[in-house]
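Thanks for making the time this morning.

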Amino acid sequence: MSDDKPFRLLPRVDDTNEFFWTGGKENELRFLRCQTCGYYVHPPSPICPKDLSKDLAPEAVSGRATVHSLTVNHQPWIPGYDVPYVIAIVTIEEQDDVRLMTNIVGCAPGDVHVGMAVEVTFDEHDDVWLPLFKPRGTT
Ligand SMILES: [Zn+2]
C-alpha cells in the first residue's frame, strides 16, 4: 500500500495503547506483558488475567505470526484499498491466544492460507503504524 491513499480505519490512540500503535516507528510489534508471570495481555488491560498482577509493561515480540483464519474481501468497502485484499486473524509466535485482526500484504490474496507463516510489516498513517503481515522471508 502506498502513502498517497486515504485510509479511514485509523485506531483511536490513547495512553493505554500508544505503545502498540507507535511501535512501528522502531519497527517493533509490542504487547503489554505481565512482569510477574510473563503472560502477554492483549487487548491491553490494567490487570493480568492469569495472576491479577498490575505490573504490566510493553515489550517487543519477534513479529512472527501464523495465519489463524482469513477472508478475502472483494467489496470496495474502504476507500483507498484495492480489492481483493485479505483480512486475517493472526496469532503471534510467542503466545497463541494473542490474536490480531490485520491484513496480509505482499502476496496474491489467493496464496494466503491458514497456517501460513507471516511476519509483521508496518504501514504508517499520521503517526500511527498499522501492523500488517506479509509472507515470512519476503521483503
Ligand atoms: Zn501475570
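**The zinc site**

The zinc ion is coordinated by C34 (SG), C37 (SG), C48 (SG), D51 (OD) and D51 (OD), at distances of 2.2 to 2.8 Å, where a donor is an N, O or S atom within 2.8 Å of the metal (3.2 Å for Na, K and Ca), and where sites may look incomplete since water is not among the atoms. Before I go on, please keep in mind that this is a predicted model, in which local features need pLDDT of at least 70 and side-chain atom pairs count only at pLDDT 80 or more, while totals for chains, interfaces and linings use all residues. Residues are numbered from 1 along each chain as its sequence is written, and side-chain values use heavy atoms, with hydrogens and water left out.

Along the sequence, the zinc donor residues follow the spacing C-x2-C-x10-C-x2-D. Within this set, C37 lies in the loop between β1 (29-34) and β2 (40-41), and D51 in the loop between β2 and β3 (56-61), so that the pair links parts of the chain 14 residues apart; strands here are DSSP runs of E with at least two residues, and helices runs of H or I with at least four, numbered from the N terminus. C37 is partly exposed at 40% relative accessibility, and D51 is partly exposed at 31%, on a scale where buried means under 20% relative accessible area, exposed over 50%, and partly exposed in between (1.4 Å probe, protein chains only).

**Salt bridges**

How many salt bridges does a search of the whole structure find? The search finds 5, taking a salt bridge as a side-chain nitrogen of Lys or Arg within 4 Å of a carboxyl oxygen of Asp or Glu. E26, E28 and R30 are linked in a network: E26 meets R30 at 2.7 Å, N to O, and E28 meets R30 at 3.0 Å. R30 is buried, with a relative accessible area of 14%, whereas E26 is partly exposed at 46%.

Another salt bridge joins R64 and E93, at 3.0 Å. R64 sits in strand β4 (residues 64-73) and E93 in the loop between β5 (85-92) and β6 (95-104), 29 residues apart.

**The core**

Finally, the largest nonpolar core has 32 residues, and those with the most contacts inside it include L29, V90 and F133; such a core is a set of buried Ala, Val, Leu, Ile, Met, Phe, Trp, Tyr and Cys residues joined through side-chain atoms within 4.5 Å. Strand β8 (residues 128-135) gives the most to this core, with 5 residues.
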